[in-house]
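Dear colleague,

I am passing on the structure below, and after it I have written out what was found in it. Please read the notes with the structure open beside you.

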Amino acid sequence: MKIAVLRHLAIVAGVAALLGTTAKAEDPVRGGTLITTLPQTPRHLNPAVQSGIVTGAPGAQLFAAPLRYDEDWTPQPYLAESWAWSDDGLSMTLNLVQGATFHDGDPITSEDVAFSVETIKANHPFKTMFGVVETVETPDDHTAILKLSQPHPALLLAMSSQLMPIIPKHIYGDGQDPKSHPRNGQDVVGSGPFKFVEFTADQQVILERNDDFFIEGRPYLDRIVYRIIKDASARAIGMENGELHMTTFENTVRNIKRMSENDDLVATDEGYAAIGPINWLAFNTGSDGPLADKRVRQAIAYAIDKNFILNAIMLGLSQESKTGIHPGSPLYYPDVNGYDLDIDKANALLDEAGYEKGADGIRFSLTIDHGNPTTKPQAEFTKASLAKVGIDVTVNSFVDFPTWANKISNHDFDMTWDTVFNWGDPVIGVHRTYDSQNIKEGVIWSNTQQYANNRIDELMAQAGQEIDPDKRAALYKEFQEILAEDLPVYWTNTLPYHTIYNKKVGNPPLGIWSSSSPYDLVFLKE
Amino acid sequence: MGFLVVLAQRTLYGLLLLLAVLVLNFTMINLAPGDVVDTIAADMGGASAELVAQIRAEYGLDQPVIVQLGNYVWRVFQFDLGQSYFYNRPVTEMIFERLPATLLLVFSAQIFALVVGILLGVFAAQRPNGILSHIVTLFALFGYAAPVFWTGILLLIAFSLKIPLFPVAGMRDVTVEGFLPQALSVAHHLVLPMLTLGSIFIALYSRLCRASMLEVLGSDYVRTAKAKGLSPRDVTMKHALKNALPPVVTLAGLQFSAVISGAVLVETVFSWPGLGQLALTSILARDTPTILGILFFSALVVIVGNLLTDLVLRLIDPRVRGKA
């Protein structure tokens, strides 16, 4: 009897203890070193003059931006405690937090904001982000006013960590070329939650807590170690054996599947909506051949079974994308033609376009390239699919990136599988693909399809300047409808980017910028 | 005296070889489509036409290839390997940062393969038709035939994941302080890459050693030694092996360049921060100064490796000493 009571008590105590720990697990704890990964060595760590995810990840820890974003695309105060558009949409006033300092102790002022905008505008590859910023006025140390030549709603997304790091003028304003500044990769002085400790190529980037960070009590972690591991399987094994706490931007589906089956790990595709990577089949619409006819392009789309790509090649780990805007974006319009498999329709369209089957059952021949080794299955699948409607396809083997880029950017191709990123606002990463002014020989990820449509050009010009979110969404709706009809590229799916983290990690970076957002809230449990 | 002449001769050949390495590789890289600006643009997620033209001009890539080659060779003669286009750092600095890691990997793998290969060869030669001899051969050939990256991943799954004895990537644990603990950490990280790289060459060395041992074991002086009443062990180790070794050492010297190229893959699989990884990145990025710098140093390592082989041969084989 006594024993039974004791046992009962013990169970109650155990349950209480369990509840206690679960409740506590959500409270962030100070301390610890987060071990995470980079899939390549960054050229350097200064995102003001270098785009890309491997610079963006440590860059967002080293440098703070005016705004930050949660998972709902809502801007949050960061280095700017408040911000406001003027009524005409031609100026943006930023009120900076008081008392913020760079890692060397110097105050962060509006002068630094102005300098950062100028540096990014002059050196960053995405010219559309700050191209319309004419001047930055600095009435006092804590107020910066961006004056624009035309309304530019994309500015709000451009002011987040990945794209607008606030860099110290007293370091980078010394007259040296900011793109090759020696302080980009060594002795970096930033404004963000973590300070620079070490950057060794092909080994690691080490950052430590900025004790004077402008948000009281943060960050929670003492250190972040980014281990540079190029081999995806090695990263997966490191996650499974506990050597690594977290890895981001994983896109090899078999490894993701394996890691997601591990009880200690969580795999999620949250966090990639802003970067917005989309796989698509691009057509060279400027060639004299059949691809200049939109019916042929539509027929090709109808002949390819998108579900096979989504389920068999991507193992169900990526989302369908019916347009060039990422499905995670509030501007995505899904009610367009998705070109579900329809062989009869494909044949009818090809007949209508005047490409009858020859005696050998072949209508015409095309070549297909693919922009990286991982899209080889798609290229092979396209060949097999199009054979069914009488299009003979030769798959060009992938040699390496520069070989492919040289070929595609000089318009020497018929079709190619490609992966292109949205980079937040459509103005930054979407317009470039369809803008008839952006048909530029020798430049990869310009309008290499040589697609031109006046209405699309008009819509982009209007949407780029429309401040009213509803009107803007309506413009992008029409934009997506026309493109889905014209089909200069056939969009199929998002890249299966996943973040995999150990359950020990609290507040993993699942906002729209994934690992290119500040880790001041991330903590290690226990 | 003879040796000095050989040394001078070899050095001269070596220099000519280096020049040829530079000119040929420069030409080859320029024949490949695309250039570093494509990769820099890609790395940035796309770039404007103005920026692309600007970077091309900055690196002198808009000049004729022959002018670029002339400039490059002239700079190398002034002991300047130039700046990396991709990382914006002096190539020499980047190479010296990584040379130790590669040398450590290459030499330890080579020594491991030699020691194991010779032991297996000697063992197999004792009973050339025994079942164990065949097992040894099979095992060695398997290591030779399997692709390096596959062996590497397999070892990782076995000894990092299933039986977590070794770390999955890198060269040292960044949290370890002090010289001795750091050295131990490096040794710990070295085991799997060394096994992977060495496994390819074990087959070569053991097969050759076995054949060479069999030949020597059949010769008259071995019979004499046996007739003198020496123990089988003394006959094998003191008389036979010593004479069976020179071909193996010669092969090991010739294989030096193969070991270095094997290191490229091994370094990538194990994130070993050596020249191989840098070479791969640089080729994919068309980072010409870096690739040429690495090839230059690799050629140097091969030349030095071959010289060392000659030296070792002289030590173990008195017959070579007499010849120039």
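**What was found**

Chain A has 16 helices and 20 strands, where helices (H or I, at least four residues) and strands (E, at least two) are DSSP runs, numbered from the N terminus. Please keep in mind that this is a predicted model, in which local features need pLDDT of at least 70 and side-chain atom pairs count only at pLDDT 80 or more, while totals for chains, interfaces and linings use all residues. Residues are numbered from 1 along each chain as its sequence is written, and chains are lettered from A and ligands numbered from 1 in the order in which they are written.

**Chain A as a whole**

Along its principal axes, the C-alpha trace of chain A spans about 85 × 75 × 45 Å. A compact globule of 526 residues would have a radius of gyration near 24 Å, and the 25 Å of chain A agrees with that; the radius is taken over C-alpha atoms, and the globule rule is 2.2 Å times the number of residues to the power 0.38. Of the 526 residues in chain A, 53% are buried, a residue being buried if 20 or more other C-beta atoms lie within 10 Å of its own, exposed if 12 or fewer, and partly exposed in between, with C-beta atoms placed from the backbone. Two residues are in contact if their C-beta atoms, placed from the backbone, lie within 7 Å, and among contacts in chain A between residues at least 6 apart in sequence, 69% join residues at least 24 apart.

Strands of a sheet pair through backbone hydrogen bonds, either parallel or antiparallel; here, two strands are said to pair if DSSP finds at least two bridges between them. One open sheet of chain A has 4 strands in the order E1-E10-E9-E8, with mixed pairing. Its edge strands, each of which pairs on one side only, are E1 (33–38) and E8 (194–200) of chain A. Neighbouring strands of this sheet are turned against each other by 20° on average, direction ignored. Helix H2 (residues 53–62) of chain A packs on the sheet and touches E1, E8, E9 and E10 (223–228) of chain A, its direction making about 15° with that of E9(A); axes are lines fitted to C-alpha atoms, for helices over the stretch in contact, and angles run from 0 to 180 degrees between N-to-C directions. Within the sheet, E8(A) and E9 (residues 204–209) of chain A pair in the antiparallel sense over 6 bridges, and Phe199(A) stands opposite Val205(A) in E9(A).

Another open sheet of chain A has 3 strands in the order E11-E18-E12, with antiparallel pairing. Here E11(A) and E18 (residues 498–502) of chain A run antiparallel and are joined by 3 bridges, and the bridge partner of Thr247(A) in E18(A) is Ile500(A).

Chain B has 14 helices and 0 strands, and its C-alpha atoms fill a box of roughly 85 × 55 × 40 Å, taken along the principal axes. Buried residues make up 40% of the 324 residues in chain B.

How many residues of chain B are in contact with chain A? There are 40 of them, in contact with 40 residues of chain A. Helices H2 (36–43), H3 (49–58), H7 (148–162), H11 (256–269) and H12 (275–285) of chain B each supply at least two residues of the side that touches chain A.
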